[in-house]
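Biologist: I would like to learn how to read this model. Please take me through it, one feature at a time.

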Amino acid sequence: MATLKDVQNKISAVKKTKQITKAMNMVAASKLRGAQSTMEAFRPYAGKFADVLGSLADKAGEEANPLLVPKETVKNVHIILNTSDKGLCGGFNTNLNARADALLKELKAEGKEVSFTNFGKKGRDWARKKGHTIIDEYLGVVGSSFEFSVASISGRKFIEKFIFGTYDEVYVIYSEFQGMARQVAKAKQLLPIPPLETAEETKDDNAPYLAEHIAEPSAEELLGEMLPRSVYVQIYSALLETSTSEHAARMTAMDNATKACNDMIENLTLVYNKARQAAITAELMDIVGGAEALKG
Amino acid sequence: MAENIRLEVVTPQKSVVSEDVQIVVAPGTMGEFGVLVGHTPFLTTLKLGTVRYKDAGGTERYIFVSGGFAEALPDKVTILAESAERRTDIDAERARTALERAQQRLAEKRDDIDFVRARAALERAMHRLSVAETRKTM
């Protein structure tokens, strides 16, 4: 039977934990707002970019650029794994790593060599523990505020290696932010660039978008300029999504932890009161017993 | 007085300009070009440089762009740049340090530095400064 003092200590310990989880919840909430506004700010750029790119690709035709053409034999596959640097965000990183593992198994089964670039410490640690080849790692990016240059600098490396044939395919694994309580780990092919959606399908104007455009230099050259950037755009948006998801996941996890603390405090208070009551009863019995004995 | 044309300058971080202007002059890779309202649809790459425009009131304004794309439509010009700053937003001090750092790097001629990147940084810093400097002379 726990003594009164023990229960009291336990209660105060749980209360302290609750303070921490609550604080973390609020920090995550404010970071989430920041990340979401960055995502909002990026949307016009990404949207316009996709519009222009789609119509250009349509004009220049398929196979106008090496980045669009799949390799004949695919041997070396590169995976860009986005995870967070810090833990305490529920199943967030586990899900991403599991997605990576699934993709990895799939590729290995086809006899392909797989290497990794890691954004975020949790994914890096996972890949290291499993003994996978890690080519590059970027820590301190996901979850913080980062600039577009992070995406373009890393993106340039992937493109170079793709062109030189070091990588035959590049995938990116990221967490899609579908709402506060929903973050889904997704895998997407980055290189070769999957067939572009043409802009006309999305526009209901009868005149095809950009059809009359004068392109300077040629449409092919413009495409050559834009495609690498579209890869950076993809990487940037994957990073943004993952960051936003991380904060949302942490917020939910910490909210649950705070609730669990409340439950525990409630239960412990009950135990404490019962123990106190029992002690009082025992004392009373003693006194009554003593008095009876004196009466003789 | 002709109608005004809409100018939008967007970067991944934010929308820098969104207003109706009289004329836009932008540094295309094939040469500088000006856009007035009613321009033929036109698409081009931009090089590092300055986008100039006259706002609705007729004041000339400058924006530093680090290269990107411009799309002109009869009633709208959209500029997609990786970074763009209004002249008044340029941090001259930061640009100057960046300039010095880039110069230093290039001067060292070490093997382990990324020459292309240092060059690009140097050019960006120089352009930023030159845009910032026009502020004083006006």
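Modeller: Start with strand β6 (residues 76-81) of chain B: five of its six residues are buried, so the strand is largely enclosed by the rest of the structure. Buried means that 20 or more other C-beta atoms lie within 10 Å of the residue's own; exposed means 12 or fewer, partly exposed is in between, and C-beta atoms are placed from the backbone. Strands (E, at least two residues) and helices (H or I, at least four) are DSSP runs, numbered from the N terminus.

Biologist: What should I keep in mind about the model and its numbering?

Modeller: The model is predicted: local features need pLDDT of at least 70, side-chain atom pairs count only at pLDDT 80 or more, and totals for chains, interfaces and linings use all residues. Residues are numbered from 1 along each chain as its sequence is written, while chains are lettered from A and ligands numbered from 1 in the order in which they are written.

Biologist: Which strands run parallel to β6(B), and which antiparallel?

Modeller: The rule for pairing is that DSSP finds at least two bridges between two strands. Strand β1 (residues 5-10) of chain B runs parallel to β6(B), with five bridges. There, B:Arg6 stands opposite B:Lys76. Strand β5 (residues 60-73) of chain B runs antiparallel to β6(B), with six bridges. B:Ala72 has B:Val77 as its bridge partner. β5(B) and β6(B) form a hairpin, with two residues between them.

Biologist: How do I check a helix, such as α1(B)?

Modeller: Compare its span with the expected one, which is 1.5 Å times one less than the number of residues. Helix α1 (residues 92-108) of chain B has 17 residues and should span 24 Å; its end C-alpha atoms are 24 Å apart, which agrees. After α1(B) comes B:Lys109, with a positive phi near 50 degrees.

Biologist: How is chain B divided into domains?

Modeller: Domain bounds come from an automatic or database domain assignment. For chain B it gives domain 1 (5-87) and domain 2 (90-137). Their C-alpha centres lie 23 Å apart. Eight residues from domain 1 of chain B and nine from domain 2 of chain B make the contact. Contact means that the C-beta atoms of two residues, placed from the backbone, lie within 7 Å. On the domain 1 side, β4 and β5 of chain B each give two or more residues.

Biologist: And what are the domains of chain A?

Modeller: The assignment gives domain 1 (4-25 + 253-295) and domain 2 (31-249). Their centres, taken over C-alpha atoms, are separated by 53 Å. Overall, the C-alpha trace of chain A spans about 115 × 45 × 30 Å along its principal axes. Chain A has five helices and six strands.

Biologist: How many residues does each chain bring to the contact between them?

Modeller: Chain A brings 20 residues and chain B 19. On the chain A side, α1 (4-60), α4 (148-164), β6 (214-216) and α5 (219-295) each give two or more residues. α1(A) gives the most, with seven.

Biologist: Which strand of chain B pairs with β6(A)?

Modeller: Strand β4 (residues 42-55) of chain B does: three bridges join the two, and they run parallel. A:Glu216 stands opposite B:Thr44 in β4(B).
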